[in-house]
Amino acid sequence: MRQRSTFLFTTLAFGYAFLYLPIVILMVYSFNDSRIQSVWNGFSLRWYSALLNNAQVIDAALLSLQIALISATIATILGTLAGLSLTHMGRFKGRLLFTGLIAAPLIMPEVITGLSLLLVFVSTEQLIGWPESRGTLTIIFAHITFSMAFVAVIVQSRLSTVDKSLEEAAMDLGGRPFRVAIDVTLPLIAPAMVSGWLLAFTLSLDDLVIASFVSGPGSSTLPMVIFSKVKLGVAPDVNALATLVITLVGIGVVIAGFVMHRMEKSRRPHPQAIP
Amino acid sequence: MNNRYAEIADKAWRLFVVYLPYLWLLLFFLTPFLIVFKISFSDPVIAQPPFTPLFDWTKNGVNALYVTFDNFVFLFEDDLYWSSYLKSVRVAAVSTFCCLVIGYPMAYAITRAKTTTRNILLLLVILPFWTSFLLRVYAWMGMLSTHGLINKGLLSIGLIDEPMKLLYTDFAVYLGIVYAYLPFMVLPLYAALQRLDLSMHEAASDLGATPFRVFIDITLPMSSAGIIAGCLLVFIPAIGEYVIPALLGGADSLMIGRQLFNEFFENRDWPVASAVATILLFILVIPIMLFQRYQITDGTSGNE
């Protein structure tokens, strides 16, 4: 028994070291004064100030945030509706195809999704003149499409664990489906919608491949700028940027997780669905 | 009268819930594939967009269908594409196996931890999901470079005399894929292992089975759904991976996702890129359908 727990502990230690060591080292070296990653020249914030003075990076970051905010919000609405229709709407025409369409974006290689979305935009432009140019708008549409599937899966897994009796009671008391959905179901799935929104937001913020396909000249998102900087090797200001992004997202996720855990506890003991 | 309005409103609500997301996905997820399929049968031209239309509406309104198989013939004749497909499948398969070997004991160990520790461990597996994929892959560039930490470490303990070339090699690509996709393997495995009924283990041990036998005969088969789900979650996206081979692999790392990207952005040959995508989709049809099956059965078991 002792032998086995030692084995399990070692696995965990190695597994987590593997997952986190590269990030930690990257963060440490972002404070390195030297241009060359391997030589430690002492503590410095010069890459951070270089970053803040880099208009290209700032513009790209603002564009990415804007795209992520809009696409995550719409994706959460559509994904929640999709989750509802899979759990609450019984049979409908084309349900099987719909379940397929929800699951496929989760695993579809990005190059395929990106290429096919671009070709759609090109075709609609030829047929109906929309979109007039490719850029922010087409990236938003593309991001909505793949992140709504993630939201739908999270909301669906939450809906399958919630107690149906509340909704049934509301229905029996004469509540119309729309009112029941707003007054009863919505509060129940709110935590799942929040995690869905956060996931959609980070997915959008992170996407390089799909955005590269559907974007036009002039709209470079943050990942596109980062990629063009690091394609040829390590860039010290990207280390600083990575440290900022990872720290912010990490703090955000931990706080969100904590708040939702508290909300969950104060409500009723439910098995927490893992996204 | 009032009732009729209410009924119409109910119907409208139902239609709205079901068909708004449905229409969106039909329009922006299904139609795109049909268009890719269509364009893979057209000729490249120097124009905007750079391909000949498959349907020519101008000829007296008659639908003249124009199809060419040149793009596929080109792919079949060029060894480059064959070897890229084969190599992508091989890299994805080996990486998936490595993820399974590392991820299974991790997931198992997490299920055996105390509740508080378990939640923290789980959060630490989920956290990389949220942090940038691109930046996590980039983090390895520094680690693997000639003067990076790994080479420094190996040099200092005297295992090697001069720095090894680690970055821009196939090894780096395997490492990057295993690193980036490990959480996708651990989570479904954890979900499957957590549901395991421990009384089966006790019964088997009481009847004299060695821990190894218990693992082979009970734990492994009972977690097979998690194993399949985890493997598909790694294997399918890994085949088409672009970022990892582009950043960590050498110029000759022939993975098909990178080939497609280059065909599109550097050669500007959209029809060939579409043909590459079409064949890739055909390769992935069976794994994707398997994944869907497991997704669906997973959903119904949750409803019980």
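1. Start with P191(A), which lies in helix α8 of chain A. Helices here are DSSP runs of H or I, at least four residues long, and strands are runs of E, at least two long, both numbered from the N terminus. P191(A) is buried because 21 other C-beta atoms lie within 10 Å. The cut-offs are these: buried means 20 or more other C-beta atoms within 10 Å of a residue's own, exposed means 12 or fewer, and partly exposed is in between, with C-beta atoms placed from the backbone. P191(A) and F146(A) sit 45 residues apart in sequence and 21 Å apart in space, C-alpha to C-alpha.

2. A word on the model and its numbering. This is a predicted model, in which local features need pLDDT of at least 70 and side-chain atom pairs count only at pLDDT 80 or more, while totals for chains, interfaces and linings use all residues. Residues are numbered from 1 along each chain as its sequence is written, and chains are lettered from A and ligands numbered from 1 in the order in which they are written.

3. Confidence in chain A. pLDDT is the predictor's confidence in each residue, from 0 to 100. Chain A averages 86, and 94% of its residues score at least 70. Where pLDDT is low, the predicted coordinates should not be read in detail.

4. The contact between the chains. It takes 69 residues from chain A and 81 residues from chain B. Two residues are in contact if their C-beta atoms, placed from the backbone, lie within 7 Å. Elements giving two or more residues to the chain A side include α1 (2–29), α3 (55–88), α8 (177–206) and α11 (236–267). The largest share of that side, 13 residues, comes from α1(A). By class, the chain A side has 48 nonpolar, 17 polar and four charged residues. Here Ala, Val, Leu, Ile, Met, Phe, Trp, Tyr, Cys and Pro count as nonpolar, Asp, Glu, Lys and Arg as charged, and the others, Gly among them, as polar.

5. L65(A) belongs to helix α3 of chain A. L65(A) is partly exposed, because it has 15 other C-beta atoms within 10 Å. L65(A) and A235(A) are 170 residues apart along the chain, and their C-alpha atoms are separated by 22 Å.

6. Two helices checked for length. The expected span is 1.5 Å times one less than the number of residues. The 19 residues of α5(A) should span 27 Å, and the end C-alpha atoms are 27 Å apart, which agrees. G129(A) follows α5(A) and has a positive phi, near 80 degrees. In chain B, helix α10 (residues 224–239) has 16 residues and reaches 22 Å from first C-alpha to last, close to the 22 Å expected. α10(B) is mostly covered, with 13 of its 16 residues buried.

7. Chain B overall. It has 13 helices and two strands. Of its 304 residues, 42% count as buried. Among contacts in chain B between residues at least 6 apart in sequence, 72% join residues at least 24 apart.

8. Domains of chain B. Chain B is divided into domain 1 (1–39) and domain 2 (78–303), with bounds from an automatic or database domain assignment. Their centres, taken over C-alpha atoms, are 35 Å apart. The contact between them takes four residues from domain 1 and six residues from domain 2. The domain 1 side has four nonpolar, no polar and no charged residues.

9. The largest nonpolar core has 170 residues; among the members that touch the most others are L115(A), W140(B) and Y181(B). Such a core is a set of buried Ala, Val, Leu, Ile, Met, Phe, Trp, Tyr and Cys residues joined through C-beta atoms within 7 Å. Its largest share, 17 residues, comes from helix α7 (residues 170–194) of chain B. Domain 1 and domain 2 of chain B both give residues to this core, so it lies between them. Not counting residues up to four places away in sequence, L115(A) touches F213(A) and, among others, V36(B), L260(B) and F264(B).

10. Two backbone points to inspect. Y168(B) is not a glycine, although its phi is positive, about 60 degrees. Y168(B) sits in the loop between α6 (149–156) and α7 of chain B, and counts as buried with 20 C-beta neighbours inside 10 Å. R268(B), also a residue other than glycine, has a positive phi near 55 degrees. R268(B) lies in the loop between α12 (256–265) and α13 (270–303) of chain B, and counts as exposed with 12 C-beta neighbours inside 10 Å.
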